[in-house]
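Subject: Structure for you to look at

Hello,

I am passing on the structure below, with notes on one part of it. Please read them with the model open.

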Amino acid sequence: MPKLASITTKLGGLSSVVAGLPAPLQKTIADALRPLVGKLRDVVQPVLSLPIVGPRVKPTVDALLIELDKLVPPA
């Protein structure tokens with residue numbers, strides 16, 4: 001969990017950097033990352049559905065996905 005929180009914080013900084021790039025470059029980055037973010041969402045769903053683990057990791061995973069959505073807006 002601390003590792004995921006750290007990654008989330010780093011993604012926040014990266015989002016700020018990407019936001020300052022020209023729009024075509026932002027699109028290229030988003031297009032490259034979109035399939036990976038989709039796979040991540042698929043992988044975390046079974047974990048989130050676990051009765052004991054899911055409620056504990058959900059806030060951290062949700063925060064991570066919010067930061068990823070800033071980098072990779074849904075198409």
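Leaving out residues up to four places away in sequence, Thr60 touches Met1, Leu4, Ala5 and Thr8 (contact means heavy atoms within 4.5 Å). The model is predicted, so local features need pLDDT of at least 70 and side-chain atom pairs count only at pLDDT 80 or more, while totals for chains, interfaces and linings use all residues. Residues are numbered from 1 along each chain as its sequence is written, and side-chain values use heavy atoms, with hydrogens and water left out.

Thr60 lies in helix α3 (helices are DSSP runs of H or I, at least four residues, numbered from the N terminus). Thr60 has a relative accessible area of 16% and is therefore buried (under 20% relative accessible area, with a 1.4 Å probe and protein chains only). Other buried residues of α3 include Gly54, Val57 and Val61. Among what covers the buried residues of α3 are α1 (2-19) and α2 (23-48).

Helix α3 takes in residues 53-71. At Pro59, α3 bends by about 35° (the angle between axes fitted to the seven residues ending there and the seven starting there).

The axes of α2 and α3 come within 11 Å and cross at roughly 170° (axes are lines fitted to C-alpha atoms, for helices over the stretch in contact, with angles from 0 to 180 degrees between N-to-C directions). That makes the two helices, α2 and α3, roughly antiparallel (angles over 145 degrees). Residues of α2 in this contact include Ala30, Val37 and Leu40, and those of α3 include Val53, Gly54 and Val57.

Regards

Conventions:
Expected span 1.5 Å × (residues − 1). Buried < 20%, exposed > 50% of the residue type's maximum accessible area, 1.4 Å probe, protein only. Parallel < 35°, antiparallel > 145°, perpendicular 65-115°, else oblique.
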